[in-house]
Amino acid sequence: MKKLRVGVAGLGRAFTLMAPTLARDPRVELAAAADPRPEARQQIKQDFGARTYDSFDQLCADPALDVVYIATPHHFHAEQARLAAAHGKHLLVEKPMALSLDECRAMIDAAHKAGVQLVVGHSHSFDRPILETRRIIASGELGRLRMITALNFTDFLYRPRRPEELATERGGGAVYNQAAHHVDIARLLAAGRAKSVRAATGAWDPARPTEGAYACFLTFEDGIVATLVYSGYAHFDSDEFSGWIGEMGQRKDPTAYGAARKSLKGDEPSLKRARNYGGEQFKPLPTDNLHQHFGFVIASCEHADLRPSADGVMVYGDGEQKLHPLPAPKVPRAEVIDELYDAVVNGKKPLHGGEWAMATMEVCFAMLRSAREGKEIALQNRPGFAT
């Protein structure tokens, strides 16, 4: 079996969430990494035996790498993807793909010109329970999908932030950071082209002046509708609806109410750095988690409602309810490597490729525009996927 040699750009929070995958999936080897923080470089040497660089250019020039995983702040994605592609590296890029449609298109064009594969993720539409929900819908046994309802209430806005993470124009806020998950899930379950968006956003804390909440009504060409609601204001925690299983599949303590707000004391960038990979307060993720999720999702078909959960898919049918169980994952986010490996090694077009991710970002940009202008925004029928 060919093993893909991966170089990581950026050893922050996004990398921390992918690190267990890169450590445990036998199809990949984390061979090198670039980060300006010496403590992060030291940590990855210790954990993975990886070569380290203090610049992205040095990482791209490493001739031994097959893939560059771009996990840097959002405003770097487009230029770094172009540079890595020019060096002949396949691309795994964190969501959100980029901060404009022009940047998304430039990334797609760079990958095409260089003859390399581009996969964008992780988003929660990779999660196995979401994929299983889509499989059940596609079977047709429950009639046509008619409606999707998804909500998530978290402490997102009150985690330690750098200044740009609280500035929408620089890729901060709930829409850029969280809506890509919701939109990806809705688009995958609907298996069609999004038609229009009507959205409202909330920026309710002057000390954190970016979007902390949104409500979105999304329509599809075949009549399916989706309602997406998110709040990151650290009040209600919708993991209560998921048996206190958190987004990463971890078991949560329901008595720890208010911990996020209480922890924001002192200089936030320094606090974030201390908690990031290699920092003095860094804690690796647990390894015995259930499936990951993005809040509460209901897919309403003509003869049943489907609810993906951390241990499978609940089906509430005409006459009975039952669980379609899924075993706990041996490798978290292995579905990301499934797509990446199939694309690079087997030449299979990835579902979460550049065109897919660009279509998701078109919806996110339209959400922000709809909220500003107070009207429905028609989409340009960016790609869906064939069932």
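Predicted model: local features only at pLDDT ≥ 70, side-chain atom pairs only at ≥ 80, totals over all residues.
Local features require pLDDT of at least 70 and side-chain atom pairs pLDDT 80 or more, while totals for chains, interfaces and linings use all residues. Residues are numbered from 1 along each chain as its sequence is written, and side-chain values use heavy atoms, with hydrogens and water left out.

Helices (H or I, at least four residues) and strands (E, at least two) are DSSP runs numbered from the N terminus. Strands of a sheet pair through backbone hydrogen bonds, either parallel or antiparallel. Two strands are taken to pair if DSSP finds at least two bridges between them.

An open sheet of 6 strands has the order E3-E2-E1-E4-E5-E6, and its pairing is parallel. Strand E2 (residues 28-34) is mostly covered, 6 of its 7 residues being buried (buried means under 20% relative accessible area, exposed over 50%, partly exposed in between, with a 1.4 Å probe and protein chains only). Strand E4 (residues 67-70) is joined to E5 by 4 bridges in a parallel arrangement, in which Val-67 stands opposite His-90 of E5.

A further open sheet comprises 9 strands in the order E14-E13-E12-E11-E7-E10-E9-E8-E15, with mixed pairing. Its edges are formed by strand E14 (321-325) and strand E15 (377-378), each with a single partner strand, so one side of each lacks a neighbour in the sheet. Of the residues of E10, 5 of the 7 are buried, so this strand is largely enclosed by the rest of the structure. E7 and E10 run parallel and share 7 bridges; the bridge partner of Thr-149 in E10 is Thr-227. E9 and E10, by contrast, run antiparallel and are joined by 7 bridges, with Leu-218 opposite Ala-226 in E10. The hairpin of E9 and E10 has 4 residues between the strands, and Gly-223 in this hairpin takes a positive phi near 95 degrees. Strand E11 (residues 296-301) and strand E12 (residues 304-309) run antiparallel and are joined by 2 bridges, Ala-299 having Leu-306 of E12 as its bridge partner.

Two helices lie across strands of this sheet. H7 lies across strand E7 (145-153), strand E8 (194-202), strand E9 (213-220), strand E10 (225-231) and E11, and runs at about 25 degrees to E9. Helix H11 (residues 354-373) lies across E8, E9 and E15, at about 55 degrees to E8.

Two packed helices are described by the angle between their axes and the distance between the axes. Helix H6 (residues 128-139) and helix H7 (residues 174-190) pack at an angle of about 25 degrees, with their axes 9 Å apart. H6 and H7 are therefore roughly parallel to each other (angles under 35 degrees count as roughly parallel, over 145 as roughly antiparallel, 65 to 115 as roughly perpendicular and the rest as oblique). The contact (heavy atoms within 4.5 Å) involves Ile-130, Leu-131, Thr-133, Arg-134 and Ile-137 of H6, together with Ile-185, Leu-188, Leu-189 and Ala-190 of H7. These residues divide into 7 nonpolar, 1 polar and 1 charged, where Ala, Val, Leu, Ile, Met, Phe, Trp, Tyr, Cys and Pro count as nonpolar, Asp, Glu, Lys and Arg as charged, and the others, Gly among them, as polar.

Most residues other than glycine have a negative phi, and most peptide bonds are trans. The peptide bond from Lys-95 to Pro-96 is cis, with omega near -10 degrees, and Pro-96 is placed in the loop between strand E5 (90-93) and helix H5 (101-114). The bond from Gly-121 to His-122 is also cis, with omega near 15 degrees; His-122 lies in the loop between strand E6 (118-120) and H6. Ala-234, although not a glycine, has a positive phi of about 60 degrees. Ala-234 lies in the loop between E10 and helix H8 (259-263) and is buried, with a relative accessible area of 12%. Arg-333 likewise has a positive phi, near 60 degrees; Arg-333 is found in the loop between E14 and helix H10 (334-346) and counts as buried at 7% relative accessibility.

Note on methods:
Axes fitted to C-alpha atoms, helices over the stretch in contact; angles between N-to-C directions.
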